[in-house]
Amino acid sequence: MEKILDIAEAIGHEKGLQPEKVMEALKVAFVQTAKRVIGHNLAFEAYVDEDTKNLKIVQTITVVADDDAKLEDEELAPAYISITEAREYDDQVELGDQLQIDHDLEDYGRTAASGLHREIEYHIQRLVEDEIFNKYKSKIGTLVSGRVTRVDSKNNTYIEVDEIRAVLPMKSRIKGEIFEVGDHIKAVVRRVNMDKENGMQIELSRTSPKFLEALLALEVPEIAEGSVIIEKAARIPGERAKIALLSTHPQVDAVGATVGVKGVRINAVSEELIGENIDCIEYTNIPELFVSRTMSPAIISHVEIVKNEEGENEKAIITLPADQKSKAIGKSGINIRLASMLTGMQIELVENDSVTNEDGEIQEKKDGVDALEALFN
């Protein structure tokens, strides 16, 4: 293995790896090969000879007492040497010292050469997988795009993304979507796993709120540059979504910038989401006001926030006119479900055309000035 540094640099350049990491992988490969051809219970270490720039293998032997039981053990004995025998080589040696013996794998013939080749190939491949794993682990929640290479019998879609193949499960696909081989699609990285049996697995999603956020950042420059922030997002994929937006610049209208002129920006995102309706809401840290905004298009009369024992907002009791209740609930309950997802609170609706007295009896609420005061409180 002459010019091992050049070899490490060449492998690193070809595989896109750092030469230092390649060198460490080569050292591990040398050590494992030495264990296979010389002795699996021996201690070896690989190092680069600074003079010759070659990789060297040394065996470490520990000095023990003459009557140490390890010397009688057939498996352990090769890793130890008695102090009497060690002092034949070095009269200054002491108990516990470690002696080093050089080994040259070329002396062990073709067995060592083929074994070393397999070990190098294995460890370089593991290093490549680790690099890809770390790369995509850091990309969880971010947008990627690729070409469909296969759709299996369970409608799982396999996508070629750069140097890897990712899978878009049917459950993470928007209802009604159909993909064919050759289609180019966008998705967000949902999960990255590594196991011994299946290797690295990258799962994508088009149903995650993160996918909506990533698409908005792609279409809306103000979101990409940070002058508009997506505080929260909730989706029922393919049907409807609500996003809470906050402007960090006094001259930027968060909702207006996101919607765009004549809705061109939000419509582009909606088209990618198979016609999903997207409600844009201005975020506020006042919980009562935020809840009322999330219930749009319903007109709300009053919001009461109920806290749990830890002092966290747990429930929102919303009072509203009877004719607004169907708008608040939405088709199949979609509006109230999204509002609950966005606020993180359970939502209870109460019509304000009646009120409960202290005895628990329902009385009709009187019209006139009192009703108007209740509306604006």
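A salt bridge is a Lys or Arg side-chain nitrogen within 4 Å of a carboxyl oxygen of Asp or Glu. The structure holds 17 of these salt bridges.

## Basis

This is a predicted model: local features need pLDDT of at least 70, side-chain atom pairs count only at pLDDT 80 or more, and totals for chains, interfaces and linings use all residues. Residues are numbered from 1 along each chain as its sequence is written, and side-chain values use heavy atoms, leaving out hydrogens and water.

## Helix α2

Lys27 and Glu24 form a salt bridge (3.8 Å, N to O). Both sit in helix α2, three residues apart, so about one helical turn separates them. Helices (H or I, at least four residues) and strands (E, at least two) are DSSP runs, numbered from the N terminus.

Lys27 is partly exposed at 21% relative accessibility. Buried means under 20% relative accessible area, exposed over 50%, and partly exposed in between (1.4 Å probe, protein chains only). Glu24 is partly exposed too, at 45%.

## From α2 to α4

Lys21 pairs with Glu131 in a salt bridge (2.9 Å, N to O). The pair links distant parts of the chain, 110 residues apart: Lys21 lies in helix α2 (residues 19-37), Glu131 in helix α4 (residues 109-137). Glu131 is partly exposed at 26%. Lys21 is partly exposed at 35%.

## Strands β8 and β9

Glu203 and Arg191 meet in a salt bridge (2.8 Å, N to O). Glu203 belongs to strand β9 (residues 199-205), Arg191 to strand β8 (residues 184-195), twelve residues apart. Glu203 is buried at 11%, whereas Arg191 is partly exposed at 32%.

Elsewhere, salt bridges that share partners join Glu177, Arg206 and Glu272 into one network.
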